[in-house]
Structure formats: C-alpha cells, structure tokens
Amino acid sequence: MRPSRLVLSGYRGYINETNVSFGPQVTLVLGEVLGNSKASSNGAGKSTIPYAICAALYGEEPLGGSKDELISYGADGYDLLLTLTADTGLPGDDLRVHRSKRRRQSEQLEFWYDGQHCSGLQAVVQTELEK
C-alpha cells in the first residue's frame, strides 16, 4: 500500500487543516516561507510531511520528543488522517488511519477500511506496524 492522501492540522507548523495528495508515481514537495523577502524554503514544513506519515502510522516521528511538543502553538491538539491505497482497482482497497492528540490527554487512534470503521482492527494493525 502507498500513501495517497494526508490531512493534517495542529501538527508542528501546520496549525490550519492542510491536504496533501500523493500521486501513483513520484511526489515532489516544494516549500516557500510566505512573507520572507529572500524566498527561503527553510522552515516551510517540507520535512513535516514524511514525519506526519510516520506519526500517523507508528505514533512516533523520527525527531522524537513528547507528543504535546508536536502540537502547533495556539492549537488545542493535532489530527493526522492518512489514506493508504493498494491501487488494485478493486473496491475496498483504501485504509484510513486517524491519529489525534489533545494537550494533556491520551492519543486516539482509529482505522477505516473500505469506509467502515474498524474498532477491532486497531490492535491487529498496531501489532503489524510495530513488526
């Protein structure tokens, strides 16, 4: 399965809801800091995209730190919604992972397969992801 869509909000520098679509081939992420007269791409949030994919799948990101530190300044919490696609062309080849965290609260994790909420799937998928 491959990532096909990522929706993130309140995560690191992405305080507002941001949608990222991934094509079936190569996706290039370019960044520009708005309001920067030198048009620098440093700090634009490019690296946050793969970090958010890791966080959605595994509950951790490569840079570590506490979960509350990943919440954008001024946000109550973060939401990561990752859609994985098998590209089989058959119905039901999408898996959605929703991971959310509110300040000073436990992280929440939910799964949907073929549009159906899968409450029992959480433990199975989490075990497989940790292998």
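Predicted model: local features only at pLDDT ≥ 70, side-chain atom pairs only at ≥ 80, totals over all residues.

**Entry 1: the core.** I started with the largest nonpolar core, which has 25 residues. Leu 6, Leu 8, Tyr 11, Ile 49, Leu 80 and Leu 82 are the ones with the most contacts inside this core.

The largest share comes from α1, with seven residues.

Entry 2: I picked Leu 8 and asked what it touches, leaving out residues up to four places away in sequence. My list has Tyr 14, Asn 16, Glu 17, Thr 18 and Val 20, then Thr 48, Ile 49 and Ala 52, and finally Asp 79 and Leu 80. Two of these names, Ile 49 and Leu 80, were already in my notes as residues with the most contacts inside the core.

**Entry 3: charged pairs.** Next I turned to charge. Side chains of opposite charge can pair when their charged atoms come close. How many salt bridges are there? The count is four, and I looked at some of them.

I began with Glu 107 and Lys 67, whose side chains form a salt bridge at 3.7 Å, N to O. This pair joins distant parts of the chain, 40 residues apart. Glu 107 sits in the loop between β4 (94-102) and β5 (108-113), while Lys 67 is in the loop between α1 (48-58) and β3 (77-85).

Glu 107 has another partner in my notes: its side chain meets Arg 99 in a salt bridge at 2.8 Å, N to O. Put together, Lys 67, Arg 99 and Glu 107 make a network of salt bridges.

Are these residues buried or exposed? Glu 107 has 24% relative accessibility, so it counts as partly exposed. Lys 67 is partly exposed too, because its relative accessible area is 28%. Arg 99 is at 5%, so I put it down as buried, since the cut-off for buried is under 20%.

**Entry 4: another pair.** Asp 68 and Lys 101 also meet through their side chains in a salt bridge, at 2.8 Å, N to O. Here again distant parts of the chain are linked: Asp 68 is in the loop between α1 and β3, Lys 101 is in strand β4, and they are 33 residues apart. Lys 101 is buried, with a relative accessible area of 6%, whereas Asp 68 is partly exposed at 27%.

Conventions: Residues numbered from 1 in each chain as written. Heavy atoms only, no water. Helix = DSSP H or I, 4+ residues; strand = E, 2+ residues; numbered from the N terminus. Buried < 20%, exposed > 50% of the residue type's maximum accessible area, 1.4 Å probe, protein only. Core = buried A, V, L, I, M, F, W, Y, C linked by side-chain atoms within 4.5 Å. Contact = heavy atoms within 4.5 Å.
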